[in-house]
Amino acid sequence: MANEQRAAIIGVVTASDRASAGLYEDESGPAIEAYLRVALATPFRIERRIIPDGFESVRDTLIDLADNVGCDLIVTTGGTGPSPRDLTPEATRAACPRELPGFGELMRQVSLTQTPTAILSRQLAAHRGKCLVINLPGKPRAIELCLDAVMPAVPYCLDLIGAAYVETDPSRVESFRPKAK
Amino acid sequence: MANEQRAAIIGVVTASDRASAGLYEDESGPAIEAYLRVALATPFRIERRIIPDGFESVRDTLIDLADNVGCDLIVTTGGTGPSPRDLTPEATRAACPRELPGFGELMRQVSLTQTPTAILSRQLAAHRGKCLVINLPGKPRAIELCLDAVMPAVPYCLDLIGAAYVETDPSRVESFRPKAK
Amino acid sequence: MANEQRAAIIGVVTASDRASAGLYEDESGPAIEAYLRVALATPFRIERRIIPDGFESVRDTLIDLADNVGCDLIVTTGGTGPSPRDLTPEATRAACPRELPGFGELMRQVSLTQTPTAILSRQLAAHRGKCLVINLPGKPRAIELCLDAVMPAVPYCLDLIGAAYVETDPSRVESFRPKAK
């Protein structure tokens, strides 16, 4: 069950060859960070990473953030499409033994209301022990849409996997915890 | 093709540490049984099992019910969430070589109309030879919602995998068999 | 990125024991071909195959069409249900290392508006290098419904995997290419 004693640690990982090489300013990571600062009502600390696309870079960053930094939640952006360098879903699956297919299904479904190319996204969520990993798209507008869709279920998910206790600000995101049986 | 000669055998499996230890009265198994008695119009026999959560217990129960008891359909309840002890989907996949992803997608979609935490469910359907296995959530209300969603396709699915012939009561569930090509 | 220099090559594969044995006239392949002739505005050449159901036959045909014939897109029909001989999804996965789950989810979702048995379809899309493979159902009406749903995203998908450049006729299918970041 959830650990109510400490602030959550949230990893925000931008997977982008260009952003990590400094050729392009990362807008997605800051957009996620801004979202979290508004949406969450309980204390948390953010760990930012900007890394190249690719299987090993993403997998190893996720494992490090989960196992060494002790993240409760990691949100990634970038690398979920069908391009050869888009390997974030593969890396997430390699780092996280257990997938939660409902996240990817719902995020694609809400993204489809904005663009028909939403079906090209292979984004997913999975957890590595007490750390939940959620893949987000690369564009700030799509990021917000996806976070709005799944965030209501995140606090209870963190409870169930034994991560830190988190509450959302109901004026921005109305999250839900079912009563225990 | 479907075997019209005999009554269907339907397994109803409750995966719950507390219910199997007698610490908690199983309400989900009886809710499924009550649903089936109203929804099905053809004769059937129910085989009930209340077992602990866990990979081996669920997997071995499914294999026994499919191979030795001869179940045409097995409906499970419990163990589909992200908690460490929730291993029903993994066990179902291990017992059943072939997954039918549309069941899980639709059950999550209809459950989302009731609660945002529906995306945490990893429930799926798959078949082991002539036996279809469907994972349901733990709560009676969610069980009914999910069965209402997928039951219209179950009789035809049983035809296709070579299980017993089943008909629903159209006043409760309108099932559908496409005409053969 | 997309190769704009040449006409696309599109494989249309009918998986059907009866059609390949000449016991049944294939209506699905011609329906797909007719759809493509209306929906696509750029030049393309079709490669038709009528093969028996089964894992090896479908897998080997997909690999041959992708690697030797140089198809940019392969559309299959048949073999996606739960019958023992329905092995098109397994064969597609074996031929194509990378699945795009949004295609299957959306095709089942739109098919559900027509028939509750749409959840029995295991159809998916995946790509083998520069070749996208999309599984369609067997019935001409369901084929059109599914193609209408996913075709808007196909040209951009082909761009991303490095296949030929394709444009749809916007009076039939309005496709979408996001602007580069």
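Why do the copies, chain C and chain A, meet through different surfaces? In this predicted model, only 6% of the interface residues of chain C are also interface residues in chain A, so the two copies use different surfaces where they meet. The arrangement of the chains gives the setting for this result.

Chain C is superposed on chain A by a rotation of 120 degrees with 0.0 Å of shift along its axis, and the RMSD is 0.0 Å. These two copies are therefore related as by a three-fold rotation axis. Within chain C, the C-alpha nearest that axis belongs to C:Glu105, at 4.3 Å from it.

A rotation of 120 degrees, with 0.0 Å of shift along its axis, superposes chain B on chain C with an RMSD of 0.0 Å. In chain B, the C-alpha nearest the axis is that of B:Glu105, which lies 4.3 Å from it. Only 6% of the interface residues of chain B are also interface residues in chain C, so these copies, too, meet through different surfaces.

The contact between chains B and C may now be considered from the side of chain B. Here, 17 residues of chain B are in contact with 14 residues of chain C. Two or more residues on this side of chain B come from each of α5 (101-112) and α7 (154-161) of chain B. Of the elements, α5(B) gives the most, with five residues.

Definitions and conventions. Residues numbered from 1 in each chain as written. Chains lettered and ligands numbered in written order. Predicted model: local features only at pLDDT ≥ 70, side-chain atom pairs only at ≥ 80, totals over all residues. Contact = placed C-beta atoms within 7 Å. Helix = DSSP H or I, 4+ residues; strand = E, 2+ residues; numbered from the N terminus. Least-squares fit on C-alpha atoms with pLDDT ≥ 70 in both.
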